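I opened the model today and kept notes on what I looked up. The entries follow in the order I made them.

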Amino acid sequence: MKPRITPSGRHATGGAPHARISGVGGYRPHRLVGNAEVCERIDSSDAWIRERTGIVTRGWAGPEETLTEMGSAAAGKALAAAGITADALDCVIVATFTHLWQTPAAATAIAHRLGAHGAAAFDLSAGCAGFVHALSLAADTVRARGGHVLVIGAERMTDLLDVEDRATAMIFGDGAGAVVVSPSATQAIGPVVWGADGGQWDAVTQTAPWDALRTDPGLRWPALTQKGPQVFRWAVYEVSKVAQEAVTAAGLTPGDLDAFIPHQANVRIIDGLAKRLGLTDDTVIARDIVTTGNTSGASVPLAMEAVMATEDVGSGDLALLVGFGAGLSYAATVVALP
């Protein structure tokens, strides 16, 4: 008998006993960019990029593939998979940090486009950990209020990418992934283990704040920058502890997991986390980064969609989701796949 996630407690009046993911959808840009094209602007090679990151291609959005368009497309697929229409949504949450409009939130435009009139809608910014943060908030909302919550991870990383920066140009891609969180009679989204190490805020950041453009109009467009080795060490050694805590909080052991779906930061980080968790050979490990690149807040739902498109997992299988990145922020939870 397949193990179950341990129930987390009583639900609020008017809410649901538990929450589950009822549908998943994704959107990947039409244009795939290979390593050779990236290397036209940086000192690197296809072989080096494959060895150090695992990336072969990444999707870069065209002008018409806006963050709102990609998020809406992914959301439409998730709604169809869940078997509901947008007018059934109680809330729409978009995990993103690349929405260049400070206000209004991307979630409001997406909710309107979908027809989720009257639904609450807001954005959440936690970098590459944003989607798992949003998923946890969605599960709590369903348990407190009932109804359905749409969670979207959407990023146009190329809007903040310096294609001449060797530390970042080869890594990032664009895209959007979405899930619908619905009421459930059994526990299907485990307790979240989350937090942040603000002492390392500068490990992943912008080259300049937006207001610097006011005083220096000639300033180069602010771009994403990171300290790769620092992030690598933190992810493998510290985030692995968070992942283990999430498995334990769900009343499980790593051997109970059917799939491991971490943030798609780097294949070496993914493999390092899997090794430190002691995952079995039977555990399916998401490596969507190979063809999609690092899509930050969109990477976990996109990787989930990719894993579910295979015959390696089935409905009800248990997957450990882990997000980590700028902040340095992290969040992990175990879910039952829809």
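**Notebook entries**

I started with the cysteines. Cys128 has a relative accessible area of 12% and is therefore buried; I use buried for under 20% relative accessible area, exposed for over 50% and partly exposed for what falls in between, with a 1.4 Å probe and protein chains only. Cys91, at 5% relative accessibility, also counts as buried. I searched the whole structure for disulfides and found zero, taking a disulfide as a pair of cysteine sulfur atoms within 2.5 Å.

Before going on I noted the ground rules. This is a predicted model, in which local features need pLDDT of at least 70 and side-chain atom pairs count only at pLDDT 80 or more, while totals for chains, interfaces and linings use all residues. Residues are numbered from 1 along each chain as its sequence is written, and side-chain values use heavy atoms, with hydrogens and water left out.

**Annotated spans**

An unreviewed entry gives "domain: Beta-ketoacyl-[acyl-carrier-protein] synthase III N-terminal" for residues 122-198. In the model, that span is 21% helix and 32% strand, and the C-alpha atoms at the ends of residues 122-198 are 24 Å apart. Helices (H or I, at least four residues) and strands (E, at least two) are DSSP runs, numbered from the N terminus.

UniProt also places "domain: Beta-ketoacyl-[acyl-carrier-protein] synthase III C-terminal" (unreviewed entry) at residues 249-335. For residues 249-335 I noted 30% helix, 24% strand and 12 Å between the end C-alpha atoms.

**Nonpolar cores**

Which residues touch the most other members of the largest nonpolar core? They are Phe260, Leu320, Val322, Phe324 and Val334, in a core of 50 residues. A nonpolar core here is a set of buried Ala, Val, Leu, Ile, Met, Phe, Trp, Tyr and Cys residues joined through side-chain atoms within 4.5 Å. At least two residues of this core come from each of helix H7 (228-249), helix H8 (267-277), strand S13 (318-325) and strand S14 (329-336). H7 supplies the largest share, nine residues. Apart from this core lies another, of 35 residues, including Phe131, Val179, Ala259 and Ile261.

I then listed contacts (heavy atoms within 4.5 Å), leaving aside neighbours within four places in sequence. The partners of Val322 include Val132, Val239, Ala243, Phe260, Ile261 and Val300. Val247 lies in helix H7 and is buried at 1% relative accessibility. Its contacts are Leu252, Thr253, Pro254, Leu257, Leu320 and Val334.

**Largest pocket**

I looked up the largest pocket, which holds about 690 Å³ of space. On a 1 Å grid over the protein atoms alone, a pocket is an open set of points where a 1.4 Å probe fits, with protein on both sides within 12 Å along at least five of seven lines, and lining residues have an atom within 4 Å of a point. Grid points are joined across faces, edges and corners, and the volume is the space filled by probe spheres set on the points. The lining has 34 residues, and Ala167, Ile171, Gln226, Gly228 and Val231 are the closest to the centre. Elements giving two or more residues to the lining include helix H2 (46-53), strand S9 (204-206) and strand S10 (224-226). H7 gives the largest share, four residues.

**Loops and peptide bonds**

I found a cis peptide bond between Thr103 and Pro104, with omega about 0°. Pro104 sits in the loop between strand S4 (89-95) and helix H4 (106-114). The bond from Gly327 to Leu328 is also cis, with omega near -15°, and Leu328 is in the loop between S13 and S14. Gly199 is 129 residues from Leu328 in sequence, and their C-alpha atoms are 8.0 Å apart. Is Gly199 buried or exposed? Gly199 counts as exposed, at 66% relative accessibility.

Ser296 has a positive phi, near 55°, and is not a glycine. Ser296 lies in the loop between helix H9 (289-292) and H10 and is buried at 1% relative accessibility. In helix H10 (residues 299-308), seven of the ten residues are buried, so the helix is largely enclosed by the rest of the structure.

Conventions: UniProt positions renumbered as here; feature names shortened; annotations may be inferred.
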